[in-house]
Amino acid sequence: MLTGMVWYSHSLYYIYLNKSKSLYFWIIMPIDPDFPKNHQAIGKHKNADGQNYHYVWGPGRLSDAAENEEAIAAYTARGEELVPIGVHGTMVAVDWDSCYADGSCIEVCPVKLYEWAKTNNDVSAVQMANITSPGNGSTDKEGRIDYTDKSDPIRERDCIWCMACVAVCPPQAIKVDQSNLEYHQRADQTFREDKSY
Ligand code: SF4
C-alpha cells in the first residue's frame, strides 16, 4: 500500500496512510466552530520582537490541506509528512490542518497581521508549535515558500476585527473572535475573573 498520500477519498471523508503506516480517517470540515473549546494549548509561537506571541492549540486533525493537490505535491517534494498540526492563534485562529496556503487572508488583512510562516522559519509546520520567528516574513499573497506553507497570525494583537480574512478563506480555516481572549489569558495564566485587566 502506498504511503504519504490520500489513499481513498469520498466527497465527505478521506483516508490517509502516512510513512509510519498510521491510518487516518477524517471528515472534511472548516475550523471547529466551537474552537477553542475541546482544544488545549500545545505550544507557544513567539515573535522575536519580544511582544507578540500566540498559542498553538491541539489536537489537530487531518483536513483540507491533506486533500489539496498542490499541498500534497509540495509535502511530497519536501519530504515533509502530512500529519495533524493544530490551530495557530486564539482570537485570530488559523486551522493549519485546513490551511492550504491560498494566501487570500494575507492579501486582505488591512493591518498586515499575517506572515507566511516558512518565510520566517523554514522548518516543518509541526516544529512551529514552539519556536521564535523573526517577524519579518512575507506578507505578499504569492510569497509562500511552497504549498506546505501556512498563514501565521504573528501579530494577533493587532487585529481590528474587520472579518475580511474570515470571508475570503477558501477552506474556512479562520475563526476571529475577540471573546477568545479569555482562553489566551488562561493559557497565559493572566486571566482574572473580575476582568479588570
Ligand atoms: S479580522 Fe481583519 S484585521 Fe483581523 S486578522 Fe482578519 S483581516 Fe486582519
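Q: In what order do the strands of the open sheet stand, and what is the pairing?

A: This is a predicted model. In the model, 6 strands form an open sheet in the order E9-E4-E5-E6-E7-E11, and the pairing is mixed.

Q: How many helices and strands does the protein chain have?

A: The protein chain has 4 helices and 11 strands. Of its 197 residues, 38% are buried. Among contacts with a separation of 6 or more, 70% are between residues 24 or more positions apart.

Q: What pLDDT does the protein chain average?

A: The average pLDDT is 89, and 84% of the residues score at least 70. Over residues 1-12, however, the pLDDT is below 50, and this stretch has 25 contacts in the model beyond near neighbours in sequence. Where pLDDT is low, the predicted coordinates should not be read in detail.

Q: How many bridges join strand E5 to strand E6, and how do these strands run?

A: Strand E5 (residues 53-58) and strand E6 (residues 87-88) run antiparallel and are joined by 2 bridges. Trp57 has Val87 in E6 as its bridge partner.

Q: Which residue stands opposite Val87 in E7?

A: Val87 stands opposite Asp95 in E7. The strands E6 and E7 run antiparallel, with 2 bridges between them. They form a hairpin with 3 residues between them, and Gly89 in the turn has a positive phi of about 100°.

Q: Which residues of helix H1 are buried?

A: In helix H1 (residues 69-78), the buried residues are Ala71, Ile72, Ala74 and Tyr75. Seen down the axis of H1, they fall within an arc of 165°, so they line one face of the helix. The face turned away from this buried side carries the exposed residues Glu69 and Ala77. After H1 comes Gly79, whose phi is positive, near 75°.

Q: Which residues come nearest to the ligand?

A: Of the 14 residues around the ligand, Cys109, Cys159, Cys162, Ala164 and Cys165 come nearest. By class, this shell has 14 nonpolar, no polar and no charged residues.

Q: Where is the place of Ala48?

A: Ala48 is in the loop between strand E4 (40-47) and E5. Ala48 counts as exposed because 12 other C-beta atoms lie within 10 Å, and a residue with 12 or fewer is classed in that way. The C-alpha atoms of Ala48 and Pro134 are separated by 5.0 Å, although these residues are 86 residues apart along the chain. Leaving aside neighbours within four places in sequence, Ala48 is in contact with Thr132, Ser133, Pro134 and Gly135.

Q: What is the peptide bond from Phe35 to Pro36, and what is its omega?

A: The bond from Phe35 to Pro36 is cis, with omega near 5°. Pro36 is in the loop between strand E3 (23-27) and E4. A cis peptide bond also joins Gly58 and Pro59, with omega about 5°. Pro59 is in the loop between E5 and H1.

Q: What is the phi of Trp161?

A: Phi of Trp161 is near 60°, a positive value in a residue other than glycine. Trp161 is found in the loop between strand E10 (151-152) and helix H3 (164-168). Gln172 has a positive phi of about 55°, although it is not a glycine. The place of Gln172 is in the loop between H3 and E11.

Technical notes
Residues numbered from 1 in each chain as written. Predicted model: local features only at pLDDT ≥ 70, side-chain atom pairs only at ≥ 80, totals over all residues. Buried ≥ 20, exposed ≤ 12 C-beta atoms within 10 Å, placed from the backbone. Arc of directions from axis to C-beta. Pairing = 2+ DSSP bridges. Near = placed C-beta within 6 Å. Nonpolar A, V, L, I, M, F, W, Y, C, P; charged D, E, K, R; others polar. pLDDT = per-residue confidence, 0-100. Contact = placed C-beta atoms within 7 Å.
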